[in-house]
Amino acid sequence: MSVVIQMDEAIAWLHAHDHYWVVAHERPDGDAISSTLAMGYLLQQLGKSYRMVNADPIPPKFLSLPTADQITTISNNHGEEITSPFPDRNENWLPKAMILVDCADERRAGPLIKELLAQIPSFSVDHHPTNNHFAHLNLVKSESAATAQLIYDLYEATAIPFDEISATLLYTGLLTDTGGFRHSNTTSAVMERAAHLLQYGVQPGDLANRFLETITVEHVALLQRALQSLELLHHGGIAVMSLMKSDFLETNATREDVNGIVNYGVNLDSTEVGVLFHEESNGIKVSFRSKDWLNVAELAQQFGGGGHVRAAGCTMTGSMTDVKKAVLQALEGQFHKKE
Ligand code: 5GP
Ligand code: MN
């Protein structure tokens, strides 16, 4: 049975268990990675044994975060039998308890984690409104801008002092999930915590440069193609872009290079919603960003995904044409309802 809990119950649970895995959602972003690392660092200070694990590799730019090299990618995450999750370290270190951070549902953690979750005690810390309370204990607060914000509060509740490492990690989660303290989730609670963390040696300009500003040549090449595909629907209210597998192959771009492209659609002055479709190995990934009124979390949920009110996504099977048709029909439906 799943239970929704408060900070003090979370701390009691952390003290009560040991031999943890800390896991975030697959294709981890800044908040997912920072939250994994900050949670691991907290466990270390609580004297616990733990491993930090993700279904996918950490994008290179985040490897510069303190302790990021300790996150292991599970190699056999796609349906094969579990033998050793850590073949590179030649060890078979299976968890006795699981902590999920920034993960809205069990599928987002990847198949292996989903399987393990059914067998051992689990605790989830998250801020997605679409979180389905899949763990045994769930600390879920959708009013938090980032999962890192909740982990900040866990540090305070344990009375473990911040230092340069924890402050840098938590600040990075706040920074990336608020788009540089600019999105509508930027509250006084965010700013108070960020301001406090700056006292511990965080380098704000450097982190913003590394995680928000720096782009690759491959990203620019992919962006050129995405912009070429731009279509405006519903009197410019809907901006649609798409990228095919060939666009990735011909530009040598990775799926990391897609990040940020959908914003060019939603940033147009006429636009309420930007949608980006791109081909991936397991289907068509759809990214949604909205500006004022459209709840894209609900929309993505209709197609098996989820996310936040102004930023959400899903992965669908079928051809690009069919997926586009289904999603755009649902979107147009929302616009007609609004009229
Ligand atoms: P992006 O478009 O940048 O991949 O994702 C935007 C947000 O949507 C993410 O922060 C995440 O919360 C959510 N999201 C994206 N894809 C999925 C998905 O397949 N399932 C769920 N539950 N959420 C998703
Ligand atoms: Mn997050």
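Q: Does Ala-10 count as buried, partly exposed or exposed in this predicted model, and at what relative accessibility?
A: The model is a predicted one. Ala-10 lies in helix α1, residues 7-16. Residues under 20% relative accessible area count as buried. Ala-10 therefore counts as buried, at a relative accessibility of 0%.

Q: Which residues does Ala-10 touch, not counting residues up to four places away in sequence?
A: Helix α1 holds Ala-10. With sequence neighbours up to four places away not counted, Ala-10 touches Ile-5, Phe-123, Leu-139 and Leu-154.

Q: How far apart in space are Ala-10 and Leu-137, C-alpha to C-alpha?
A: Along the sequence, 127 residues separate Ala-10 and Leu-137. In space, their C-alpha to C-alpha distance is 7.9 Å.

Q: Where is Leu-150, and is it buried or exposed?
A: Leu-150 has a relative accessible area of 0%. Its place is in helix α4, residues 147-158.

Q: Which residues does Leu-150 touch, not counting residues up to four places away in sequence?
A: Leu-150 belongs to helix α4. Beyond four places in sequence, the residues that Leu-150 touches are Met-7, Val-125, Asp-126, His-127, Leu-139, Lys-141 and Ser-144.

Q: How far apart in space are Leu-150 and Glu-298, C-alpha to C-alpha?
A: Leu-150 and Glu-298 are 148 residues apart in sequence. From C-alpha to C-alpha, the separation in space is 23 Å.

Q: How do α4 and α5 pack, and what is the distance between their axes?
A: Two packed helices are described by the angle between their axes and the distance between the axes. For α4 and α5 the angle is about 150°. Their axes are 8 Å apart.

Q: Which residues meet where α4 contacts α5, and how do they divide by class?
A: On the α4 side are Ala-148, Gln-149, Ile-151, Tyr-152 and Tyr-155. They meet Ser-166, Leu-170, Gly-173 and Leu-174 in α5. By class, this contact has six nonpolar, three polar and no charged residues.

Q: Are α5 and α6 roughly parallel or roughly antiparallel?
A: Helix α5 spans residues 164-177 and helix α6 spans residues 188-197. They pack at an angle of about 150°, with their axes 9 Å apart. Angles over 145 degrees count as roughly antiparallel, so α5 and α6 are roughly antiparallel.

Q: What is the class make-up of the contact of α5 with α6?
A: The crossing of these two helices is left-handed. From α5, the contact is made by Ala-167, Leu-170, Tyr-171 and Leu-174, and from α6 by Val-190, Arg-193, Ala-194 and Leu-197. These residues divide into seven nonpolar, no polar and one charged.

Q: What is the orientation of α4 to α6?
A: The axes of α4 and α6 come within 11 Å and cross at roughly 60°. That angle makes α4 to α6 oblique.

Q: How do the residues of the contact of α4 with α6 divide by class?
A: α4 passes α6 in a left-handed crossing. Gln-149, Tyr-152 and Asp-153 in α4 meet Ala-189, Val-190, Arg-193, His-196 and Leu-197 in α6. The division is four nonpolar, two polar and two charged.

Q: Which residue has a side chain in polar contact with that of Ser-242?
A: Ser-242 sits in strand β9, residues 238-243, and is buried, with a relative accessible area of 12%. Leaving aside neighbours within four places in sequence, its contacts are Ser-229, Asp-247, Leu-276, Phe-277, Met-320 and Lys-324. A polar contact of 3.2 Å joins the side chain of Ser-242 to that of Lys-324.

Q: What is the phi of Arg-27?
A: Most residues other than glycine have a negative phi. Arg-27 lies in the loop between β2 (20-24) and α2 (30-45), and counts as partly exposed at 23% relative accessibility. Although Arg-27 is not a glycine, its phi is positive, at about 45°.

Q: What is the phi of Thr-67?
A: Thr-67 is in the loop between β3 (50-54) and β4 (71-73). Thr-67 is not a glycine, yet has a positive phi of about 70°.

Q: Which residues does Pro-59 touch, not counting residues up to four places away in sequence?
A: Pro-59 is placed in the loop between β3 and β4. Pro-59 is buried, with a relative accessible area of 6%. Apart from residues up to four places away in sequence, Pro-59 touches Pro-28, Ile-33 and Glu-256.

Key:
Residues numbered from 1 in each chain as written. Chains lettered and ligands numbered in written order. Predicted model: local features only at pLDDT ≥ 70, side-chain atom pairs only at ≥ 80, totals over all residues. Heavy atoms only, no water. Helix = DSSP H or I, 4+ residues; strand = E, 2+ residues; numbered from the N terminus. Buried < 20%, exposed > 50% of the residue type's maximum accessible area, 1.4 Å probe, protein only. Polar contact = N/O pair within 3.5 Å; in protein donor to acceptor, adjacent residues only side chain to side chain. Contact = heavy atoms within 4.5 Å. Axes fitted to C-alpha atoms, helices over the stretch in contact; angles between N-to-C directions. Parallel < 35°, antiparallel > 145°, perpendicular 65-115°, else oblique. Left-handed = near helix turned anticlockwise from the far one by under 90°. Nonpolar A, V, L, I, M, F, W, Y, C, P; charged D, E, K, R; others polar.
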